[in-house]
Amino acid sequence: MCDGTHGPASGYVFCFSNRFHMEPMLQTREQFPGQLVRWEQEGQILTFFCDNLVMLRVHVLREDMLRFRFATEGYFPRDFSYAIDPAFQPAETKVKIKEREAYISLATASLECRIARQGLHTQILDREGRLLCGDDKGFHFQESDFGGNLVFMSKLSQAEESYFGLGDKSSHLNLRGSRMENWATDCFGYGPQTDPLYRAIPFYYSLHEGQAYGIFFDNSFRTFFDFAAEREEATSFWAHGGEMNYYFIYGPELMQVAERYALLTGRPELPPLWALGFHQSKWSYYPESRVRELAATFRAHQIPCDALYLDIDYMDGYRCFTWNGTHFPDPGGMIRDLEQDGFRTVVIIDPGIKIDPDYEVFQQGLAQEAFLRRPDGPYVKGKVWPGECFFPDFTDPEVRSWWASLFRDLIRKEGVHGVWNDMNEPAIFDVESRTMVSDVRHDYDGNPCSHRKGHNVYGMQMSRASYEGVKAFGYPRRPVMITRASYAGGQRFASVWTGDNIASWEHLQLANTQCQRLSVSGFSFCGSDIGGFNDLPDGELFVRWLQTGIFHPLCRVHSIGYNDTGNEAVDDASVAANMADGKPRDQEPWSYGEPFTSIARETINLRYQLLPYLYTTFWQYVQRGTPFLRPLSFVDQHDPETTHRLEEFMVGDHLLVCPISEPGAEGRYLYLPRGYWYDYRSDQPIPGEQEIWTDTTLAEIPLYVRAGAVLPMGPVRQHTGERPEAPLDLHLYHGTQPQTSELYLDAGDGYDYEREGYSLRTFAYEGDSRSLKLDQQHAGGYVPPFARFRIFIHGLPFRVSRCRVDGKPIQCRWEGAVLELEVSQDFAQLMLDGA
């Protein structure tokens, strides 16, 4: 709970501890809602009025989702949010209202919410009467010397209650006992206790006695969360301005909460298949000859790759939307040639526009009045890579339209395939705050405000404007956007990465947990700079990081890199100069020699073999909001052991990964959740709900498949544009519990999938000690390039006496302990009987 720390003679209260930004507020008493004097109902919205002008509006959005919005002056300002998906619509919900002596009760089919007549304290219970979430001090507020209020909410924290979420945090997955801040911050070389980081995602989960809910505090001011850190019995969240406006999202399963939060704040559109391939980046690849050499080396080494990135040195003096004519005399020609060889090109775009009267984008921005200003009118000036810059106000819809228009030549003329927004917290050099001063003015889509409110959404709205430009000028290709900074809901526009990390084993562990947390916080399309951005990994660290990164949706190597002259590529003669402490300065998969090159190749090959499964998992996220990566607590929340596990995670429904994250490791302990699991390497079935030891070599990844799963796998290919006609492989893992698996396919780009141009196969499995049955249902009109499935059945406990497909006998054969058969891709049923 935030009571503040009082300065002895300052006349101010500072909120909060030394670890957080100190913002003074007027020395005023805490104020609370008074006595309820009346309430009114309009459909699914109930408004409560107190005798001191405090109001509470409760909107029943669904039977499992409630919105709480407080006002302190007797009226509600205009309702506006960047986070809520415009497509979200409340569901028609039956609400029962009962008046009690001490409270008003409103109930749905899933929840009961009690609003106290004194102080508007709330309690939310399930239909069995168990307390899910209740107020401690509840809502309170204090006047701020900036105008408005600092708003606080204090909830009860129950014994053994666990907390997850908040997106971009580098701490333990279970947040209990921690205090966190949301303020988008450029954090080069951050550590496990660094907070805040690049994104502001004020959404968390609670799990207690197998019951889960989420709270989304939709407030773009600087926000804070205390998860039973100051007092074990209280969890609090508060903001330096704005409204106390939060959403309660009930499960009772954590996965249900995740899906409903994604429904509320939105999901991205399906990316092109190449976006899930392997990507190579560095600060910076130039000139053109170096980029072409890089592409040729990938193909010569037969290491798959789908995208190459150009960092800021492709520009003319770091001016956005320009090309350095010396380094890239014909960018369009280069990009077309790369595309012919299966490489897409992604370029970086920052928000700072160089102050240069000869720079067309700068002149357009002045004419459009697109740049941010101080209260008295001067433009905001800040130093970043080009030098002194002005910054567009991306919260102005006209500025976003102008910014989107700037992508015309980049996308249509030069043929760039994707855009990467960086430095958009916004970051500014040489100032202590690392960002703009707080009095900068933002339009905020017609709700004028200061940077105190606009800061956290700046990166989100930049990526939104960029996304709109890339989509408009790239159509009918699907857009690919990456952003460093964002706010809740920003997943609708761009993927994210974990920022400027370090080449260390500790940061490999952080990349794992950060991506798990981002995934369950709405941002499933995430990844890290594989190998570390800053400092130099050795070959072991690089391949271990790669073995983790191939399971993240965004699979990209990125580093500070090395260029010996700043103009020429490193060649064989400069290998010695390309070393520091025995480590290569370049960070390509072949940079470390053998055995690391071969291990990197096989690791990336596995990524490409798994693409049918990974693409299906991403489609499930887009359609349903199911997180791509799942901490073990989201796999089995009823097992208390899972709430404390960090490194094991699920990829989609059926794959469990536990990376090796220590040097020299010859194995590790890991926890398998409930059920049976197959070691992907040995095919050994292992019962879950236990910790096990597994031996590993440097080339191996501890990877497990759920029993009963159908795991689709494709052939090795050099890029996703290769469409082999060979049968698609289905690996079926015998189990005794029914399982459902899915396979989603489409053309890999374009929008035909929105008009029946897709193929969705649903596999229903049943098996026991003497039989096996696999049913397939098919929807959609897409015809895949293959005509047949090769089915590999692992772990059969019986010898097969009869094998039938759609009622007809079919030949099958044993290869070791695996049964193999080939069937039409349109089969409806496979049945095996034991002898």
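**Stop 1: the largest pocket**

Select Pro-77, Phe-221, Gly-242, Glu-243 and Lys-453, which lie nearest the centre of the largest pocket among its 39 lining residues. A pocket is an open set of points on a 1 Å grid over the protein atoms alone, with protein on both sides within 12 Å along at least five of seven lines, and a lining residue has an atom within 4 Å of a point. This is a predicted model, in which local features need pLDDT of at least 70 and side-chain atom pairs count only at pLDDT 80 or more, while totals for chains, interfaces and linings use all residues. Residues are numbered from 1 along each chain as its sequence is written, and side-chain values use heavy atoms, with hydrogens and water left out.

The elements that give two or more residues to the lining of the largest pocket are β7 (65-71), β13 (149-156), β30 (449-450) and α7 (451-474). Helices (H or I, at least four residues) and strands (E, at least two) are DSSP runs, numbered from the N terminus. Which element gives the most to this lining? It is β7, with four residues.

The space in this pocket is about 960 Å³; a volume is the space filled by probe spheres set on the grid points, which are joined across faces, edges and corners. Colour the lining by class to find 16 nonpolar, 13 polar and ten charged residues. Here Ala, Val, Leu, Ile, Met, Phe, Trp, Tyr, Cys and Pro count as nonpolar, Asp, Glu, Lys and Arg as charged, and the others, Gly among them, as polar.

**Stop 2: the nonpolar cores**

Next, select Phe-216, Ile-349, Trp-403, Phe-407, Phe-551 and Val-651, the residues with the most contacts inside the largest nonpolar core, which has 161 residues. A nonpolar core is a set of buried Ala, Val, Leu, Ile, Met, Phe, Trp, Tyr and Cys residues joined through side-chain atoms within 4.5 Å. Buried means under 20% relative accessible area, exposed over 50%, and partly exposed in between (1.4 Å probe, protein chains only). Apart from this core lies another, of 42 residues, including Leu-46, Tyr-204, Phe-221 and Phe-225.

Centre the view on Ile-349. Leaving aside neighbours within four places in sequence, its contacts (heavy atoms within 4.5 Å) include Tyr-314, Trp-403, Phe-407, Asp-422 and Met-462.

**Stop 3: salt bridges**

Asp-422 lies in the loop between β28 (418-421) and β29 (441-442) and Arg-484 in the loop between β31 (481-483) and β32 (486-487), so the pair ties together parts that are 62 residues apart in sequence. A salt bridge is a side-chain nitrogen of Lys or Arg within 4 Å of a carboxyl oxygen of Asp or Glu. Are the two partners buried or exposed? Asp-422 is buried, at 11% relative accessible area, and Arg-484 is buried, at 1%.

Now move to Glu-822 and Arg-788, whose closest N and O atoms are 3.0 Å apart in another salt bridge. Glu-822 lies in strand β56 (residues 818-824) and Arg-788 in strand β52 (residues 788-794), so this pair ties together parts that are 34 residues apart in sequence. Glu-822 is partly exposed, at 34% relative accessibility, and Arg-788 is partly exposed, at 35%. In the whole structure, 55 salt bridges are found.

**Stop 4: the cavities**

Select Arg-717, Arg-723, Leu-745, Pro-785 and Phe-786, which lie nearest the centre of the largest cavity among its 20 lining residues. A cavity is a set of grid points where a 1.4 Å probe fits but cannot get out. This one has a volume of about 290 Å³, and its lining divides into 15 nonpolar, two polar and three charged residues. The structure holds nine cavities of 30 Å³ or more.

**Stop 5: backbone details**

Finally, show the backbone at Asp-195 and Pro-196, where the peptide bond is cis, with omega near 5 degrees. A cis peptide bond also joins Tyr-286 and Pro-287, with omega about 0 degrees. Pro-287 lies in the loop between β22 (278-280) and α2 (288-301).

End at Leu-166, whose phi is near 70 degrees, a positive value in a residue other than glycine. Leu-166 is buried, with a relative accessible area of 0%.
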